[in-house]
Amino acid sequence: MKSEDLVNLIFSPLWVSKLLHHFLSGAQQINPKGIKTELLYLLLPFIIDDVTREKLSGAMITSTFSSIFKNKDTLEIKNSLFNKNNQVEQYHEFTNKGLIYLGNIEMIKIDRFTNIENIIKFQKEKQAINRDYCKAAYYLGVIFSKEDYRNVFVKLGITNI
């Protein structure tokens, strides 16, 4: 199997669209308007990274960016957050393909804010491994919807959107 085939399996549009759906569902739990469209491109860098995904899996509806990432300033988290700028650029194409797929199966509105008509719950995922990824995506949406999107970019040093 070629490495390109493996990457296409890992980042299939179906899987990315499911993560995006949970991300948008979490964001709309806090803000009915949805989430700032630019923040969609941060989903995969946070979910694919084991360090940040584990922190997000332990999040709650009351969690904030600071309570999840800043109050636990370990070198591992700092390094993980520092790499997000490069990862945004690497995953940009996969996010776009996932958005296209999601737009074909669900009613999605993309404007200044992106929202989705049908909210889903990560608790209904059947497989435990899927549930962990979906839970992390959901709570990332919750956390980002509580923050001003400009603050997120400044805190992470994101310039590659």
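**Reading aromatic pairs in a predicted model**

At 12% relative accessibility, Phe153 counts as buried. The model discussed here is predicted.

Colleague: How many aromatic pairs does the structure hold?

Modeller: In general, a pair of aromatic rings is described by the distance of the centres and the angle of the planes. The structure holds 11 such pairs. In one of them, the ring centres of Phe23 and Phe144 are 6.3 Å apart and the planes meet at 85 degrees, so this pair is edge-to-face; the cut-off for that class is over 60 degrees.

Colleague: Which helices hold Phe23 and Phe144?

Modeller: Phe23 belongs to helix α2 (residues 13–30) and Phe144 to helix α8 (residues 128–146), so the pair ties together parts that are 121 residues apart in sequence.

Colleague: Are Phe23 and Phe144 buried or exposed?

Modeller: Both Phe23 and Phe144 are buried. Tyr149 and Phe153 also form an edge-to-face pair, with 6.1 Å from centre to centre and 85 degrees between the planes.

Colleague: Where do Tyr149 and Phe153 lie?

Modeller: Both residues are in helix α9 (residues 149–156), 4 residues apart, which is about one turn of the helix. Tyr149 has a relative accessible area of 23%, so it is partly exposed, whereas Phe153, at 12%, is buried; the cut-off for buried is under 20%.

Colleague: Which residues do ring pairs link into a cluster?

Modeller: The cluster consists of Phe23, Phe46, Phe65, Phe69 and Phe144.

How values were computed: Residues are numbered from 1 along each chain as its sequence is written. This is a predicted model: local features need pLDDT of at least 70, side-chain atom pairs count only at pLDDT 80 or more; totals for chains, interfaces and linings use all residues. Side-chain values use heavy atoms; hydrogens and water are left out. Rings of Phe, Tyr and Trp (its six-membered ring) pair if their centres lie within 6.5 Å; planes under 30 degrees apart count as stacked, over 60 as edge-to-face and the rest as tilted. Helices (H or I, at least four residues) and strands (E, at least two) are DSSP runs, numbered from the N terminus. Buried means under 20% relative accessible area, exposed over 50%, partly exposed in between (1.4 Å probe, protein chains only).
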